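Dear colleague,

I am passing on the structure below, and after it you will find a short account of what was found.

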Amino acid sequence: MIFSAPDILNASILIVDDQESNVSLLEQLLSDTGYTSVASTMNPREVCALHRANGYDLILLDLQMPGMDGFEVMAGLKANDSDGYLPVVVITAQPGHKLRALQAGAKDFISKPFDLVEVKTRIHNMLEVRLLYKRLENYNKLLEQAVQERTAELRESEARFRSLTELASDWYWEQDENGKFSKVSGPVLEMLGIRVDPLAGNANGNETAGWNEAERETLQATIAARQPFLDFVFSRVTADGSTQRFQVSGEPMFNKSSRFIGYRGIGVELSAKK
């Protein structure tokens with residue numbers, strides 16, 4: 001059994017019928033069965049407001065009522081129900097109304113004159129379905145909240161990671177999937193031997209001279225292959241004849257769909273650390 005007896009018997013039920021004898025019969029039946037939260041109304045125009053206020057687990061709704069029939073009540077409930085689930089079992093003596101009621105959103109029907117065993121069985125079964133729906137809805141809300149919290153934690157962790165890497169290195173850089181720099185902290189563009197104008201824009205093709213081309217080609221081939229690299233060392237000879245040495249690490253970045261979206265990395269100038 002999915003739910004315990006108290007779960008079912010404590011569910012909230014609203015009886016809607018314009019005939020007092022039918023209301024009394026259903027109230028007595030539900031009370032004798034052990035249901036503890038049963039309300040009723042003989043005015044169909046009150047149903048939507050009552051459901052908004054109380055959020056009934058089940059509404060037993062007579063279809064043939066003066067002034068406002070059960071189909072109109074269901075239309076009002078559907079327009080006002082926030083969770084999209086219509087917890088209605090219709091009561092009808094007209095066989096032709098059953099299919100129309102189900103098409104209008106009712107979940108089940110009870111025939112008149114009442115078969116008391118059928119009434120109790122249908123009510124019990126519908127309450128199990130309704131409570132299961134509510135449990136699933138609550139689970140989905142908790143899951144969505146957990147995802148949002150986890151996403152916020154990951155973003156915070158990512159921000160801390162970037163902050164720490166920037167503090168621990170001379171350069172922090174990111175490139176998009178086309179190799180364009182999207183984030184730069186420190187003179188990384190100079191380190192890679194690329195002049196960029198504007199700073200966050202595209203390389204204009206002017207490159208600083210003096211680089212060890214074999215080392216640079218190895219690094220660029222690694223990036224082109226979307227491979228991570230750790231502590232890769234390369235160098236250049238400056239205009240005054242001195243040698244600068246750099247150490248760089250990087251990794252490819254992928255989105256949730258495992259699509260490559262660029263690179264990020266850090267670097268230090270080894271000659272400056274001596």
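In which sense do strand β4 and β5 pair, and over how many bridges? Strand β4 (residues 88–92) and β5 pair in the parallel sense, over four bridges, where strands are DSSP runs of E with at least two residues and helices are runs of H or I with at least four residues, numbered from the N terminus, and two strands pair if DSSP finds at least two bridges between them. Within this pair, V90 stands opposite F109 in β5.

Please bear in mind that this is a predicted model, in which local features need pLDDT of at least 70 and side-chain atom pairs count only at pLDDT 80 or more, while totals for chains, interfaces and linings use all residues. Residues are numbered from 1 along each chain as its sequence is written, and side-chain values use heavy atoms, with hydrogens and water left out.

The open sheet has five strands in the order β2-β1-β3-β4-β5, with parallel pairing. Because β2 and β5 (108–111) stand at the edges with a single partner strand each, one side of each is left without a neighbour in the sheet.

As for confidence, the mean pLDDT (the predictor's confidence in each residue, from 0 to 100) of the protein chain is 82, and 84% of its residues reach 70 or more. Confidence is highest in strand β2 (residues 37–41), at a mean of 96, and lowest in strand β8 (residues 194–196), at 45. Over residues 194–206 pLDDT stays under 50, so please read that stretch with care.

With best regards

Technical notes. Contact = heavy atoms within 4.5 Å.
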